[in-house]
Amino acid sequence: MWRRPRVILWTAAAVTTVGFLVALEITARHYGLRGPLTTEARELVYPPKSGFLLYASMGLMMVVLTWRQRLVAAGVAVGIDVVFLLVRWASGYHFDLDEGHPFGNGALWVLLGYAVIAVTRRTGQERALLLKGVTLGLLLMAGRKTGDTWLLITSKSRPTVLDQYVATADHALGNPSWLVGRLVNASGPVGTHLLDYVYAQLAVAAVVVALYQLRNVAAERRFPRHHLVRTFLVIGLLGPGIYMIFPVVGPIFAYGPGASGTGGLEWAAANLWPHTPTPITTPHPMLYDGITPRNCMPSLHTAWATAIFIHSRKGPRILRYGGAFWLVATLAATLGFGYHYGADIVAGVVFTLTIEAALRAQARGWDRSGTRLVAHGTAVFVALLLAYRFLPLEMARLPWLFGPLVILAMLSVIYGYLRTTSRWEPKPVPAPRPEPQPEPV
C-alpha cells in the first residue's frame, strides 16, 4: 500500500511537467517562436544546438546501466552520429557550426530507445529504475530547451527593462561589474578565453558532479534522495519566472554596446560600461530591443555555480577544488563580461540556498527547522527585489548603510543554511567496544 502514494505523486509530477511544456510550446508559438517540444523533436534529425548536452544527458541516464550496457549504448550513439554525418556529407547538407553541432543525434535516439526498452522489456523495480534514468536525461535536455524558450519569451513579452533601478542600487555594493569588467579587460585574451569557457560549459561541470553523486546507482539499484540534478532543474524552472517579474538585460547591454549580436548603443541608456559608473539619478523603465533576453535578476549562472559548489563539498579533493574554482570563475565571468550587476549575484546566491534548503527538507521530511530556513530565505529574496525596485536611490545615496545590509542579509541566509543542514547530517556512531573477557587461568 505504501507504493500507491508514490505512484500518484510520480504521475502527478509527470502530468504537470507535460502540461507545462505544452503550455510553453503554445506560448512560444503565439510569439512566432519554436517551443521546447518542437526544438527537441527537430534534433532527432537536424544538427542539435548542443551535442555536448545531449551526450551529457545520455551519460546521466547510463548511471542505471551496467558497464557492458554503457559501452553498448555509447557505441550505438556514436554509430548513429557517424551515419548521420555521412548522410549529410553525401547529400551536400551544410550548416553553420555556430548554430549546431555535427553530433548528438545518436545520444537522443539512444535515450528514446531505452525508454521503449523500459516499457516493453523491463518489469517491476527494473522498469522503474530505467525509466527514472531516462527521465533524468530527458529532463536535463528539456530544461535547456525550456530555458531557451523562456529567454525568447521574455524578450518578446517584456519591451521595457528595469536596468536603471538595479544599476542605481548597485552603487551600494560599489558597482562590482564595472570594477571586475576593467580587471577582465586588463587580463588580456588568456583570461578572457578561460572565463568564457567556464561560463559556457557550466553544464559540463554540473554533469561531472552529478555523475560522482550517482556513481553507485547501478550497484544499489536506487537513486539517492537528493542530488545536484534536482537542484539544477528547479532553478531552471523557477528562475525564468522571476525574469518575467523583474526584467533586466545587464550592464553591457543597458550601458554598453551589447554582445552576441543583440543590443547596441542605440538601445543603451549611455555608453558607460565598464569605465564610467552610472550617475545617481532617478531611475525609469527603459525600452529595449525584442531580441535580448531579460535574464539577469537573479543571476542563474551564479545560482547554478553555487549549487555545483555546494554539492561538490562531499566529493574528493579534486572535485571540491573544481567546484570552488567554477564558482569563483563564474562570478568573475558574470560580472567581468557585463552580463550581471552585483545585486543579481547576491539575489542568485539567496535564490539557490533557498531552493536547496527546500529540496533537502523535502527529501528528509519537512520539520520546523526546514520550514523556518526556507521561509527566511524566501523573505530575504523578496526583500532584496523590493529594495532594488523601490529603494534604489536611497541605496545609492547611503551606500555605507545599505551595502552592509544587503551583504548581511545574504550572509544570514548562508549562516542559516549551514547551521540547519549541519544538524541534518547523520551523526557518526562510534563502534561498540568489545566486552572485557576474563583472562584464562
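User: How much space lies in the second largest pocket?
Analyst: The model is a predicted one, and the volume is computed from it. For the second largest pocket, the space comes to about 1,100 Å³.

User: Which residues lie nearest the centre of the second largest pocket?
Analyst: The lining of this pocket is made up of 37 residues. Those that lie nearest its centre are His226, His311, Lys314, Arg360 and Glu425.

User: Which element gives the most to the lining of the second largest pocket?
Analyst: Two or more lining residues come from each of α9, α10 (217–220), α13 (300–311), α14 (317–336), α15 (342–364) and α18 (399–424). The element that gives the most, with 7 residues, is α18.

User: How do the lining residues of the second largest pocket divide into nonpolar, polar and charged?
Analyst: Each lining residue is placed in one class according to its type. For this pocket the division is 19 nonpolar, 9 polar and 9 charged.

User: How many cavities of 30 Å³ or more does a search of the whole structure find?
Analyst: A cavity is a space in which a 1.4 Å probe fits but cannot get out. With the cut-off at 30 Å³, the number found in the whole structure is 1.

User: Which element gives the largest share of the lining of the largest cavity?
Analyst: The largest cavity holds about 70 Å³ of space. Its lining consists of Leu60, Leu140, Ala203, Ala206, Val207, Ala210, Leu228, Val229 and Phe232. Two or more of these residues come from α9 (202–213) and from α11 (228–245). The largest share, 4 residues, comes from α9.

Key: Residues numbered from 1 in each chain as written. Predicted model: local features only at pLDDT ≥ 70, side-chain atom pairs only at ≥ 80, totals over all residues. Heavy atoms only, no water. 1 Å grid on protein atoms, 1.4 Å probe; cavity = no way out; pocket = protein on both sides within 12 Å on 5 of 7 lines; lining within 4 Å. Points joined across faces, edges and corners; volume = space filled by probe spheres on them.
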